[in-house]
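Hi everyone, thanks for coming.

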Amino acid sequence: MSTTRPYSPGDRGPEPSGASGASEGGAPEAGASAGEAAVPSEGGRRPREERRLRLDGESGVVPLARDFARQALYAWGWLPAASADQRAAAEDVLLVVSELVTNACLHAEGPDELVLACDNKVIRVEVADRGTGQPAPRTPHRAGRPGGHGMFIVQRLCLDWGVVRTPGASGKTVWAELGAPA
């Protein structure tokens with residue numbers, strides 16, 4: 001199901017400035033590595049961890065984004081996978097990252113940033129770009145035709161997805177959420 005809801009059900013949106021584990025200057029706080037921040041957990045749940053990768057001006061962004069996502073999956077314990085279901089869940093995340101970054105390259109003047117966030121139950125993939133268009137699965141979906149399958153794949157693999165636009169700013173962030181492996 002495609003949605004433009006900016007956050008998943010129950011999510012109250014982004015943390016206030018400075019609450020993401022990084023200082024206002026962008027440097028991680030003590031104990032957080034560059035590109036990763038842990039957000040305090042509620043009720044004993046695993047803290048929400050986040051990693052960011054700047055893609056603006058980079059070449060080869062799709063493989064770069066996949067490698068970055070794969071490293072995050074290893075750090076978060078999704079890989080190496082102990083079962084076929086866990087391996088499939090990790091591969092789904094890598095495929096969604098590839099599709100969202102590819103769409104930003106093809107339809108939105110290129111991606112600016114990839115953000116991955118993970119907690120006990122969900123991994124969230126966000127790709128920020130400068131594009132004005134609205135991503136949508138091609139309708140009707142024609143499985144036998146080349147191209148145009150990216151958002152259909154995202155829709156099928158994800159719990160939810162949507163688009164966030166900041167008023168007064170150009171571009172958008174396309175986000176998708178996938179369930180953690182059992």
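**A walk through the core**

Let me start with cysteine 118, which counts as buried because its relative accessibility is 1%. For the record, buried means under 20% relative accessible area, exposed means over 50%, and partly exposed is in between, using a 1.4 Å probe and protein chains only. Cysteine 105, by contrast, is partly exposed, because its relative accessibility is 36%. A search of the whole structure turns up zero disulfides, a disulfide being a pair of cysteine sulfur atoms within 2.5 Å.

A word on what you are looking at. This is a predicted model, where local features need pLDDT of at least 70 and side-chain atom pairs count only at pLDDT 80 or more, while totals for chains, interfaces and linings use all residues. Residues are numbered from 1 along each chain as its sequence is written, and side-chain values use heavy atoms, with hydrogens and water left out.

Back to cysteine 118: 46 residues away in sequence sits alanine 72, at 9.2 Å in space, C-alpha to C-alpha. Alanine 72 is in helix α1; helices (H or I, at least four residues) and strands (E, at least two) are DSSP runs, numbered from the N terminus. With 0% relative accessibility, alanine 72 counts as buried. Leaving aside neighbours within four places in sequence, alanine 72 is in contact with Arg51 and Leu116, where contact means heavy atoms within 4.5 Å.

Now, which residues touch the most other members of the largest nonpolar core? They are Val97, Leu100, Leu114 and Leu116, out of 35 residues in that core. α1 (61–75), α2, β3 (111–118), β4 (122–129), α3, β5 and β6 each give two or more residues to this core. The largest share, nine residues, comes from α2. By nonpolar core I mean a set of buried Ala, Val, Leu, Ile, Met, Phe, Trp, Tyr and Cys residues joined through side-chain atoms within 4.5 Å. In soluble globular proteins, nonpolar side chains tend to be buried together. Zooming in on leucine 100, and not counting residues up to four places away in sequence, its contacts are Val125, Val127, Met151, Val154, Val174 and Ala176.

Two of those names take us to the next helix. In α3 (residues 150–157), the buried residues are Gly150, Met151 and Val154. Viewed down the axis of α3, they fall within an arc of 90 degrees, so they line one face of the helix; the arc is that of the directions from the helix axis to the C-beta atoms. What covers them includes α2 (84–107), β5 (160–164) and β6 (172–179).

How many of the residues of β5 are buried? Five of the five, so this strand is largely enclosed by the rest of the structure. Asp160, Gly162 and Val164 lie on one side, with Trp161 and Val163 on the other. β5 runs antiparallel to β6, and five bridges join them; two strands pair if DSSP finds at least two bridges between them. Aspartate 160 stands opposite glutamate 177 in β6.

Also in β6 is tryptophan 175, which is buried, with a relative accessible area of 0%. Tryptophan 175 is 21 residues from valine 154 in sequence, and their C-alpha atoms are 9.9 Å apart.

Thanks, and happy to take questions!
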